[in-house]
Amino acid sequence: ERVLKALRHEQPDHVPLDLGASVLTGMHVSSVYALRQALGLDAPGTPVRVMDPYQMLGEVKLDLVDALGVDVLPLSSAATLFGYKREGWKEWKLFDGTPLLVPEGFNTDPEADGDILMYPGGDRSAPASGRMPRGGFYFDEIVRQPPIVEGALDPEDNCQEFTVISEEDLEYYRTEAQRLDRETDKAIFAGFCFSSFGDIALVPAPWLKYPKGIRDIEEWYVSTELRRDYVYRVFERQCEVALVNLAKLSGAIGDKVQVTLITGTDFGAQNGLFISPDCYRELYKPFHRTINDWLHRNTSWKTFIHTCGSVVELIPDLIDAGFDILNPVQTAAAGMDPAALKRRFGSELVFWGGGIDTQRTLPFGTPGEVRRQVCERTRLLGEGGGFVFAGIHNIQAGVPVENLLAMFDAFRECR
């Protein structure tokens, strides 16, 4: 009810808190480990599960949820971005020594140079699709671009991952949604990716063994201008399948979900848009509107867009496309002043994020600076509802534990 009030732009009893309900609002596994140790939740050396090996996000277990007062839990897929399931846990250590549990498909054997390669579906007979450099904290995608023959490009090649949901996966979502609804009193965030048109984290398809089509990151961005008809046809097919899947999922899950991710495609850089408003309106907005309209007609779910950077120029279009929620609210980017955003758009758009600057203040500020920013943002953005506290994207590795504690202590006092 606290989350629902915030989503209805009503003043809740407390500002809701999200940590770990999505792969966009989580915490690096090393920071989860440090926080759990500082809160006395684990004995020293107790490993933390890696729930998202691509970004190396740690599990936010229910004891941590209770300790911090988190209000939202994830309904995520059974498989990771590298295509293997979260099962068969085994011990491994990050380069900085953090003790971890990783799924059995996670490759823990280093290369001769010390790098860790990741394979689609955990199948080492296929070309590697990810690389963690020696001493690193994250995986970089390995682009596996087949030769592009201009006259032979077929949009179906970029649609090989857009398939109708299997009965096995549908049953997984149904069972997991029922469990979360039955065993907790939290809001549920569904992290589906069916409609994330052009999300550059997904274009290289690290879960596919032999991806076809346009898979190189630079080539894809160029194609949104030079091959726009091709990209549009990819999106048409993706949208068609997404609507089928959302119909199946809404029938299986019903009102047990409160929020669903529609897209994680980034449109902003630090100092402005890196796509023109006209490109958004022609290429993306028609499909966003189609998905949002269907969900608003057929479900009670609120729709969530993640788009980083300076996107203030696009916000009127995002509202017109039917989005209910904006994330990550990158307030340090040009034109993204939180007071101005709240004043201009706070009655029409829920801000999910923006609570602490994870780019500068949280990793490099003092605990006092962290506390001040948390309280200022909570009071400003939380006024009248329409705000769920979260960091600006995931909380990264290397954040001083004193700052993590200051953030959650301040939020508890100010929420």
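**Entry: aromatic pairs**

I searched the whole structure and found 24 aromatic pairs. My rule was that rings of Phe, Tyr and Trp (its six-membered ring) pair if their centres lie within 6.5 Å, with planes under 30 degrees apart counted as stacked, over 60 as edge-to-face and the rest as tilted. I looked up phenylalanine 189 and phenylalanine 304: their ring centres are 4.9 Å apart and their planes stand at 80°, so I noted the pair as edge-to-face. Phenylalanine 189 belongs to strand β9 (residues 187-190) and phenylalanine 304 to strand β11 (residues 302-306), so this pair ties together parts 115 residues apart in sequence. Helices (H or I, at least four residues) and strands (E, at least two) are DSSP runs, numbered from the N terminus.

Buried or exposed, I asked of phenylalanine 189? Phenylalanine 189 is buried, at a relative accessible area of 1%, and phenylalanine 304 is buried at 0%. For these words I used under 20% relative accessible area for buried, over 50% for exposed and partly exposed in between (1.4 Å probe, protein chains only).

Next I took tyrosine 221 and phenylalanine 274, an edge-to-face pair with 5.7 Å centre to centre and 80° between the planes. Tyrosine 221 sits in helix α5 (residues 217-226) and phenylalanine 274 in the loop between β10 (259-263) and α7 (277-298), so the pair ties together parts 53 residues apart in sequence. Tyrosine 221 is partly exposed at 31%, and phenylalanine 274 is partly exposed at 39%.

I also noted a cluster linked by ring pairs: Phe197, Trp220, Tyr232, Phe235, Phe267, Tyr280, Tyr284 and Phe287.

**Entry: how I read the model**

The model is predicted, so I kept in mind that local features need pLDDT of at least 70 and side-chain atom pairs count only at pLDDT 80 or more, while totals for chains, interfaces and linings use all residues. Residues are numbered from 1 along each chain as its sequence is written, and side-chain values use heavy atoms, with hydrogens and water left out.

**Entry: a pocket and a cavity**

I worked on a 1 Å grid over the protein atoms alone: a cavity is a set of points where a 1.4 Å probe fits but cannot get out, a pocket is an open set with protein on both sides within 12 Å along at least five of seven lines, and lining residues have an atom within 4 Å of a point. Grid points are joined across faces, edges and corners, and a volume is the space filled by probe spheres set on the points.

The second largest pocket has a volume of about 220 Å³. Its lining includes Glu1, Arg2, Asp71, Lys186 and Arg415. Which element gives the most to the lining of this pocket? I found helix α1 (residues 2-7), with 3 residues. By class I noted 4 nonpolar, 2 polar and 6 charged residues in that lining. Here Ala, Val, Leu, Ile, Met, Phe, Trp, Tyr, Cys and Pro count as nonpolar, Asp, Glu, Lys and Arg as charged, and the others, Gly among them, as polar.

For cavities of 30 Å³ or more, the count came to 1. The largest cavity has a volume of about 70 Å³, and among the residues lining it are Leu17, Asp18, Phe389, His393 and Met407. I sorted this lining into 7 nonpolar, 4 polar and 1 charged.

**Entry: backbone**

Histidine 393, one of the residues lining the largest cavity, has a positive phi near 70°, though it is a residue other than glycine. I placed histidine 393 in the loop between β14 (387-388) and α12 (401-414). Histidine 9 also has a positive phi, about 65°, and is not a glycine. Histidine 9 is in the loop between α1 and α2 (29-38) and is partly exposed at 25%.

I then looked up a cis peptide bond, which joins asparagine 327 and proline 328 with omega about 5°. Proline 328 is in the loop between β12 (325-327) and α9 (338-345).

**Entry: an open sheet**

This open sheet has 3 strands in the order β6-β7-β8, with antiparallel pairing. The edge strands, β6 (116-118) and β8 (140-141), each pair on one side only. Two strands pair if DSSP finds at least two bridges between them; strand β7 (residues 130-132) and β8 pair over 2 bridges. Arginine 131 stands opposite aspartate 140 in β8.
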